[in-house]
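Biologist: I would like to learn how to read a cavity and an interface. Please show me the structure first.

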2 protein chains.
Amino acid sequence: MNAVEKKLGNEFSERLNTGGFRFTPQRQHVYDVVMQKRDHPTAEEIFIRTKRTMPEISHATVYNCLDALVKCRLVRQVQLERGATRFCPNMAEHCHYFCDACGEVFDVALPTDSTIMPRPKGFKVDHYDIAVHGLCAECAGKSKK
Amino acid sequence: MNAVEKKLGNEFSERLNTGGFRFTPQRQHVYDVVMQKRDHPTAEEIFIRTKRTMPEISHATVYNCLDALVKCRLVRQVQLERGATRFCPNMAEHCHYFCDACGEVFDVALPTDSTIMPRPKGFKVDHYDIAVHGLCAECAGKSKK
DNA sequence: TCAAGATTTAGAATAATTCTAAATTATGTC
DNA sequence: GACATAATTTAGAATTATTCTAAATCTTGA
């Protein structure tokens, strides 16, 4: 860890270390980029956004960074449709409402404790991914007409 | 619809029709293949299995058939990891427990009515996809040692 | 029987992700 | 502080997953 990072002594780099990863400027940038906008970008979209502040970053590195961030629970990985995986900056317990018509994603906080669900004997739960598919208000309105 | 299908008068072909699709032998085969084994195969795996009874079927047709079956609610589409989408023959209300170590998928019936979840204003729910990630009993045991 | 539309096919094209090997960077040891 | 070791990054190739295309085939209803 260099002087700047030590001074910052930030939680970000501690979280990486705890997960067995090193701090790198690339991971910081990718993390910043995901946090900057409260949406659900694909790896490709994150790659494009990260290139704006770090033009020399490569594709593989973005995937590597995202994998590290997901493992350290700094970012969530979300599978909503066939095709590209998305990533989510919201680490609070929530589920995703996905509009099958326009692709919009809505985060909704989960009030109830999901751990009450029955589970296979011996299964050690890491996390829940709850996706609700349907039509957003706007698209539901359109499809009626 | 030909004579054989008329005679069978099966629900399968009715379900396709209701969804705006025609009955085709390819759709029947793909459906049979998915139903035959209670697992969670990818499109590629389904393609391979279907070729056994219908060697001339093409890749694109398997995707086309699966799309039709999913739209008619005869088969479920499941996103559990990055990479290939899986398909599921179990149409009962259930969630998926996914072992991040070995990739095994366990179906668990959902007892509670999920519709109590809060939702964005005006959102028209089609269906819920609940995936629980973690380690299956076997892998949890291994990782402790 | 014919026209229109749906479906299938092979294969190409595209998109998403992973792999590879070399270069670079950081860490701990003496 | 120099060195060995291991982690990380990089460009680009390779692989995997999915979609597209255009022609051929099949089905349906008039």
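Modeller: We will take the interface, then the cavity. This is a predicted model, where local features need pLDDT of at least 70 and side-chain atom pairs count only at pLDDT 80 or more, while totals for chains, interfaces and linings use all residues. Residues are numbered from 1 along each chain as its sequence is written, chains are lettered from A and ligands numbered from 1 in the order in which they are written, and side-chain values use heavy atoms, with hydrogens and water left out.

Biologist: How many residues of chain A are in contact with chain B?

Modeller: Contact means heavy atoms within 4.5 Å. Here 40 residues of chain A touch 40 residues of chain B.

Biologist: How do I read the size of an interface?

Modeller: Interface size is often given as the accessible area lost when the parts come together. Buried area is that loss (1.4 Å probe), summed over both parts. Between chain A and chain B it is about 3200 Å². Carbon and sulfur atoms give 64% of it. On the chain A side, A:Arg82, A:Tyr97 and A:Phe123 lose the most area to chain B, together 23% of what that side buries.

Biologist: How many salt bridges cross the interface of chain A and chain B?

Modeller: A salt bridge is a side-chain nitrogen of Lys or Arg within 4 Å of a carboxyl oxygen of Asp or Glu. The rule finds two across this interface. A:Asp67 and B:Arg82 meet in a salt bridge, at 3.0 Å from N to O.

Biologist: Which element gives the largest share of the side of chain A that touches chain B?

Modeller: Strands are DSSP runs (E, at least two residues), numbered from the N terminus. β5(A) gives the largest share, 12 residues.

Biologist: Now the cavity. What is the general idea?

Modeller: Rolling a probe the size of a water molecule over the atoms shows where empty space is left. A cavity is a set of points, on a 1 Å grid over the protein atoms alone, where a 1.4 Å probe fits but cannot get out. The count here is one cavity of 30 Å³ or more. The largest cavity holds about 190 Å³ of space; a volume is the space filled by probe spheres set on the points.

Biologist: Which residues lie nearest the centre of the largest cavity?

Modeller: Lining residues have an atom within 4 Å of a point. There are 18, and A:Gln79, A:Asp129, A:Ala131, B:Gln79 and B:Asp129 lie nearest the centre. β5(A) gives the most to this lining, with four residues.

Note on methods. On a 1 Å grid over the protein atoms alone, a cavity is a set of points where a 1.4 Å probe fits but cannot get out, and a pocket is an open set with protein on both sides within 12 Å along at least five of seven lines; lining residues have an atom within 4 Å of a point. Buried area is the accessible area (1.4 Å probe) that two parts lose on being put together, summed over both.
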